[in-house]
Amino acid sequence: MTTGVLIFAFNNQHIDYLAMANWSAQNIRRHLKLPVAVVTDSTIPQQYHFEQVIYATPEGNYERRFDDLNQPVTWYNGNRVDAYTLSPWSNTLVLDADYVVASNQLKTVLDIDQDFVAHQRAYDVGGHPNFNEHNTFGQYQMPMWWATVMFFRRSEQAQLIFESMQTIRNNWNHYKSLYNISRTTYRNDYALSIALGTVNGHVLNHPGIPWSLATVTHNQRLTQVDVDRYRVDFVAQDGKPKWLYLTQDFHAMGKVQLGDIIDNYS
Amino acid sequence: MDTENLIAHARARFDHAVAKRTLREKYQGKLIFAYAGGMWQAGPELLTTLKCCTGTAIILDLYETPIKVNAEEFYEQVSQRWQEQLNAWLIEYEELNKNR
């Protein structure tokens with residue numbers, strides 16, 4: 001029985017996801033003591049280290065506008081649904097390249113006796129209440145499951161979930177209309193949410209990771225002050241500039257700022 | 001960081017209320033642990049439940065799975081986890097107060 005982490009890293013013209021994955025792999029080894037496999041189409045620079053490299057052709061050539069980049073970029077996010085077939089591990093923790101591992105919190109996920117778990121609630125570390133809108137999707141406000149952190153064991157149920165996600169990705173226009181999703185771009189979070197609903201007979205009671213996903217959004221400034229210690233500057237609800245320290249794992253939505261942190265590190 | 005950002009950075013004030021809330025979210029996760037094949041969140045509710053039991057007890061974990069535990073032994077585990085994490089929480093909270 002093997003356990004490891006799987007990170008998808010398909011670079012585009014603006015974001016070096018492979019560098020993010022390499023930096024994340026170092027954090028993962030330090031905190032979780034787990035091997036890391038990366039799925040990419042890029043040549044791995046000599047100074048990077050992954051326990052396994054899986055080459056794949058990027059799927060899902062989407063245009064997406066990231067607020068911090070201020071322009072649309074090509075976004076290859078269609079391969080995540082292949083995690084089940086691509087993973088070399090029996091128990092796999094799939095992490096976004098921009099998920100920052102700053103503690104051993106994810107070790108707890110490995111102890112969960114479920115075939116598949118993901119986060120059901122994310123929150124804005126700056127406390128903006130509007131962020132809650134992101135915890136649902138589509139006109140019918142279906143509950144969202146976040147594909148940022150997924151843990152699965154090789155099992156019939158996990159296989160079914162990923163196969164359903166593949167069906168949803170391959171027929172995105174149909175599912176987009178069915179759930180009345182206004183955004184045209186395919187998102188793994190939506191595919192996962194729809195798949196979990198389908199696999200569970202539309203009763204919306206799939207077991208999740210029992211804590212919430214901390215999120216630093218595009219419009220917040222993220223800087224690293226020390227190892228595993230970050231400062232987040234944001235505009236509070238009263239319109240005034242505020243800041244706080246973050247000493248936990250989090251999802252960094254601002255790719256440019258995370259890229260700057262990684263550049264300074266290496 | 002350009003000059004404009006540096007000025008904004010220096011003028012920003014520490015948000016105690018939001019930092020406190022974020023710390024709470026962090027420790028909600030840290031209080032969760034595995035025991036006897038189930039997942040649990042250390043806290044007063046679980047401690048009180050275990051105080052009401054003796055010997056072998058069957059209680060529901062976070063996923064509503066019935067799990068057989070030794071009440072006394074498990075109480076010790078939960079109590080230890082609760083105190084460890086609350087202590088760590090307190091230390092971070094006091095650090096946070098210094099930033100005011």
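Helices, of at least four residues, and strands, of at least two, are DSSP runs numbered from the N terminus. The model used in these exercises is predicted.

**Exercise 1. Work out the strand order of the open sheet in chain A, and name its edges.**

Step 1. Write the order. The sheet has 6 strands, β3-β2-β1-β6-β12-β8, and the pairing is mixed.

Step 2. β3 (52–55) and β8 (116–119) of chain A each pair on one side only.

Step 3. From one strand to the next, the average is 20 degrees.

Step 4. Strands in a sheet pair through backbone hydrogen bonds, parallel or antiparallel. β2(A), residues 36–40, runs parallel to β3(A) over 4 bridges. In that pair, V38(A) has V53(A) as its bridge partner.

**Exercise 2. Describe the two neighbours of β6(A) and the cover on this strand.**

Step 1. Take the β1(A) side. β1(A), residues 3–8, and β6(A) run parallel and are joined by 5 bridges. I7(A) is the bridge partner of L95(A).

Step 2. Take the β12(A) side. Here the sense is antiparallel, again with 5 bridges. L95(A) stands opposite V149(A).

Step 3. β6(A), residues 91–95, is mostly covered, with 5 of its 5 residues buried.

Step 4. Sort the residues by direction. N91(A), L93(A) and L95(A) point one way. T92(A) and V94(A) point the other way.

**Exercise 3. Which helices lie across β8 and β12 of chain A, and at what angles to β12(A)?**

Step 1. Take α4(A), residues 156–170. This helix lies across both strands and runs at about 145 degrees to β12(A).

Step 2. Take α6(A), residues 188–199. This helix also lies across β8 and β12 of chain A, at about 50 degrees to β12(A).

**Exercise 4. Characterise the contact between chain B and chain A.**

Step 1. Count residues. Chain B gives 24 residues and chain A gives 34.

Step 2. Give the area. An interface is often sized by the accessible area lost when the parts come together. Here about 2,300 Å² is buried, with 55% from carbon and sulfur atoms.

Step 3. Count polar links. There are 2 salt bridges between the chains. There are also 9 residue pairs in polar contact, both residues at pLDDT 80 or more.

Step 4. Find the elements on the chain B side. Those giving two or more residues are α1 (3–11), β1 (13–14), α2 (16–30) and β2 (32–35) of chain B. α2(B) gives the most, with 8 residues.

Step 5. Name one salt bridge. D15(B) pairs with K242(A), with the closest N and O atoms 4.0 Å apart.

**Exercise 5. Is Q114(A) buried or exposed, and what does it touch?**

Step 1. Locate Q114(A). The residue lies in the loop between α3 (107–110) and β8 of chain A.

Step 2. Compare with the cut-off. Q114(A) has a relative accessible area of 18%, so Q114(A) is buried.

Step 3. List contacts beyond four places in sequence. They are R153(A), P207(A) and Y63(B).

Technical notes. Residues numbered from 1 in each chain as written. Chains lettered and ligands numbered in written order. Predicted model: local features only at pLDDT ≥ 70, side-chain atom pairs only at ≥ 80, totals over all residues. Heavy atoms only, no water. Pairing = 2+ DSSP bridges. Axes fitted to C-alpha atoms, helices over the stretch in contact; angles between N-to-C directions. Contact = heavy atoms within 4.5 Å. Buried < 20%, exposed > 50% of the residue type's maximum accessible area, 1.4 Å probe, protein only. Buried area = accessible area lost by both parts, 1.4 Å probe. Salt bridge = Lys/Arg side-chain N within 4 Å of Asp/Glu carboxyl O. Polar contact = N/O pair within 3.5 Å; in protein donor to acceptor, adjacent residues only side chain to side chain.
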